[in-house]
Amino acid sequence: MEIKTYRAATMHDALALVRRELGPDAAVLHTREIRRRRLFSWLSGAREIEVTASAGVNVPSRLSRRAPQPSRPAPPPPPSATPSVAEEVQSQLSHLQAMMQDLCQHSRPAGQRDLPEGLFKLFTDLIEADLSEEVARELVERARAEAPDSELTDPVLAKAGIARMLEAEISIAGPISVASGRRRLVALVGPTGVGKTTTIAKLAANYRLREKHKVGLITVDTYRIAAVEQLRTYADIIDLPMEVVSTPREMREAVRRLDDMDLILMDTAGRSPRDDIKIRELKAFLTEAEADEVHLVLSSVASGKTLRQTAQRFAAVGTTALILTKLDEATGLGDLVPVLRSSELPLSYLTNGQNVPDDIEVADRGRLTRLLLGIESVT
Ligand SMILES: Nc1nc2c(ncn2[C@@H]2O[C@H](COP(=O)(O)OP(=O)(O)OP(=O)(O)O)[C@@H](O)[C@H]2O)c(=O)[nH]1
Ligand SMILES: [Mg+2]
């Protein structure tokens, strides 16, 4: 039986160390945030997470307060124990338990409940699902404040409670609503290589071949001949009319030629969100086309910060919905939580592979939440 202490820059890294060394069933006995006392520690990485864990102990885990209390008289836990000396281990364990009780009593404001066991497990699960520590902590604290005790002691029920909280904050657009004889023009915009053209092909094939609507395509991606040819290949296979537009002036005429369609899907060239001129040019095309909907396409492989910034920059062209692609390539989807909570854009579709037309699904609030929290997998 071993009790060990691990330190890392983030909770995620510390738990990964525990798992690697002690196996997946290791019990986390204690966590705390510590300050490194090193020269220049104020410059970066001054904070460390310390996790005390054991592969063979079964005691209630506790999530420490965000920062250690200065008045806390707790010495650091012993780094390891000789496995053969049972008494020594027992004494260390007793010491550790006493330390945890002490911590709970000293660091808890009057009247605040003890942290239920289920919530600690949930917190580590959320970190595993790639949620940032900040968001995981916020969700767990909210669940603690809002959910009944009976729910919080069970990790499954506690997670379901957090799923409900998250569901209420995520906005869903539903599929593009297409009706015969009422032309709807939908443009896809976004950074380069995120999957705009592939997603257009998936949507076009589904609306044409499965729902039997009249679908036309417009591409304004004239920077690269290969890009036009990529869309034309799909147009030929699915047997769809396609217009190529090189200037905003040509747009009206192209739209007029497709006037008897139920749905016009417009493909655009990938734009760097930092290129203001290209963003303005894109806006000019969309204004001429009088697009009914502008779906921003973002890759779920990108970092949460990049996604939020990109969504902000593309808002200038009048985005109305969000499509998340490449869910199959993302390791954990928890990093998407901030953009989905903060973005004004409702989510329309998710794509999860390169296959046309199958690897696309209409965004569903319940499924999305389960994906974000790692309760369900993409495929
Ligand atoms: N794994 C995976 N790959 C995808 C998905 N969607 C698209 N791709 C791939 O991503 C690559 C780029 O896709 P495109 O559709 O050309 O991307 P784009 O946004 O049109 O790119 P640009 O026009 O160059 O801006 C291709 O290899 C696609 O097969 C997806 O959901 N999952
Ligand atoms: Mg493209």
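Which residues touch the most other members of the largest nonpolar core? Among its 93 residues, these are Ala-204, Leu-265 and Met-266. The structure is a predicted model, in which local features need pLDDT of at least 70 and side-chain atom pairs count only at pLDDT 80 or more, while totals for chains, interfaces and linings use all residues. Residues are numbered from 1 along each chain as its sequence is written, and chains are lettered from A and ligands numbered from 1 in the order in which they are written.

**Nonpolar core**
- A nonpolar core is a set of buried Ala, Val, Leu, Ile, Met, Phe, Trp, Tyr and Cys residues joined through C-beta atoms within 7 Å; a residue is buried if 20 or more other C-beta atoms, placed from the backbone, lie within 10 Å of its own.
- Ala-204 is in contact (C-beta atoms, placed from the backbone, within 7 Å) with Val-215, Leu-217, Tyr-234, Ile-238, Leu-240 and Leu-265, leaving aside neighbours within four places in sequence.

**Helix packing**
- Helices H4 (residues 133-146) and H6 (residues 155-169) pack at about 105°, with axes, lines fitted to C-alpha atoms over the stretch in contact, 10 Å apart.
- H4 is therefore roughly perpendicular to H6 (65 to 115 degrees, on a scale from 0 to 180 between N-to-C directions).
- Leu-139, Arg-142 and Ala-143 of H4 meet Ala-158, Gly-161, Ile-162 and Met-165 of H6.

Methods: A residue is buried if 20 or more other C-beta atoms lie within 10 Å of its own, exposed if 12 or fewer, and partly exposed in between; C-beta atoms are placed from the backbone. Two residues are in contact if their C-beta atoms, placed from the backbone, lie within 7 Å. Helices (H or I, at least four residues) and strands (E, at least two) are DSSP runs, numbered from the N terminus. Angles under 35 degrees count as roughly parallel, over 145 as roughly antiparallel, 65 to 115 as roughly perpendicular and the rest as oblique.
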